[in-house]
Amino acid sequence: EVGEPFKEEKAVAKYLRFNCPTKSTNMMGHRVDYFIASKAVDCLLDSKWAKAKKGEEALFTTRESVVDYCNRLLKKQFFHRALKVMKMKPDKDTKKEKEKGKAESGKEEEKKSKKESGKDEKTKKEKEKKKDGEKEECKKDETPGTPKKKETKRKFKLEPHEDQVFLDGNEVYVWIYDPVHFKTFAMGLVLVIAVIAATLFPLWPAEMRVGVYYLSVGAGCFVASILLLAVARCILFLIIWLITGGRHHFWFLPNLTADVGFIDSFRPLYTHEYKGPKADLKKEEKSESKKQQKYDSEEKSDSEKKEEEDGKTEATRNSGTEGSGGERHSDTDSDRREDDRSQHSSGNGNDFEMITKEELEQQTDEGDCEEEEEEDTESGPSHGKS
């Protein structure tokens, strides 16, 4: 026979009830809370009973000691062991499967002849589709903020176990002990006091009653003003929408009735949207400008690549021509010297050419004129000196 639990056992069970991680589910048509044995053992090993006090030994030293103590709690009906049973999906009707199999077999025979002729084309298309699919998957994985697929968890139900023993592991145990938490007790006590105080309102002092009256009036005016604002903003939106023919959408305090905080419900002050033909044109222009920017960036990148390639080819040419540069310079120097010599010889060769009588007379006349001019210049400064 199992006796009543001691104070220490109640304290340990209460600590385990509020500190061990629990989950809720349905069992035999009732909502119950359950926990896993290994987590309960870890929770008790981190508790104050696992630490030795002065002159006393610790209650929990090893995992085996915790398991033995939990067996005592199980016998005193603080919790009981349950069995986790996975829910199976209902099987499909066999008749439908047979009918589908017959229809598919007839279709497959007809398709075999067609498949043999178009195997090559299908294989090519499948390869292309696979490549496109892999690229899209890579892009989806690379882009940040993309929502991941939810992992499907198998559903299960709990049933009472035949062997009521506490075992360290992934065994499931359902709570029977359900004490009242201190927070719930305090909140209930405050509610009871508030109800009693409200019923004794006529016995309050006069100053308190006047203050409560003004507070209630202020709260009522605030609520009424919010309701009036909600109606007025709708009327204002309808007036502007009708006047502009549905082109201008103006909302005053758009987040007033939204599911947001008190301060965020008054932000922003207003919103305005223009939904007309010009708006569509602007959207098209923006999309075209974005496309042009993309094309320009691609063309710039191509031109930069070409410039780099041209620079590399010029560098290779210059490196190849450096070796033959000395010989070419030497050839050009020799050619220039020969040209200079030919010019000097042509300048001096006029002395050996034949000259006519008329040319000789002209040269003699010019020589006489030059001598007279020289004499005049010599006589000029001599007169000046005298």
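## Close-up views of a predicted model

View 1. At a relative accessibility of 48%, Lys275 counts as partly exposed, a class that lies between buried (under 20% relative accessible area) and exposed (over 50%), computed with a 1.4 Å probe on protein chains only. Glu273, with 43% relative accessibility, is likewise partly exposed, and its side chain meets that of Lys275 in a salt bridge (3.7 Å, N to O), the term being used for a side-chain nitrogen of Lys or Arg within 4 Å of a carboxyl oxygen of Asp or Glu. The model is predicted, so local features need pLDDT of at least 70 and side-chain atom pairs count only at pLDDT 80 or more, whereas totals for chains, interfaces and linings use all residues. Residues are numbered from 1 along each chain as its sequence is written, and side-chain values use heavy atoms, with hydrogens and water left out.

**View 2. The salt-bridge network of Glu9, Arg72 and Lys76.** The side chains of Lys76 and Glu9 meet in a salt bridge at 2.6 Å, N to O. Because Lys76 lies in the loop between helix H3 (63–75) and strand E3, while Glu9 belongs to helix H1 (residues 7–19), the pair ties together parts that are 67 residues apart in sequence; helices (H or I, at least four residues) and strands (E, at least two) are DSSP runs numbered from the N terminus. Both partners are buried, Lys76 at 18% relative accessibility and Glu9 at 1%.

**View 3. Arg17 and Asp33, joined by a salt bridge.** The side chains of Arg17 and Asp33 meet at 3.0 Å, N to O, and the pair links distant parts of the chain, with Arg17 in helix H1 and Asp33 in strand E2, 16 residues apart. Arg17 is buried at 11% relative accessibility, whereas Asp33 is partly exposed, with a relative accessible area of 27%.

**View 4. The open sheet of 5 strands.** The strand order is E1-E2-E5-E3-E4, with antiparallel pairing, where two strands pair if DSSP finds at least two bridges between them. Strands E1 (23–27) and E4 (156–160) stand at the edges with a single partner strand each, so one side of each is left without a neighbour in the sheet. Strand E3 (residues 79–86) pairs with strand E5 (residues 172–175) over 4 bridges, and Val172 in E5 is the bridge partner of Ala82.

**View 5. Ser38 in helix H2.** Ser38 counts as buried at 19% relative accessibility. Leaving aside its neighbours within four places in sequence, Ser38 is in contact (heavy atoms within 4.5 Å) with Arg63, Asp168, Gly169 and Asn170.
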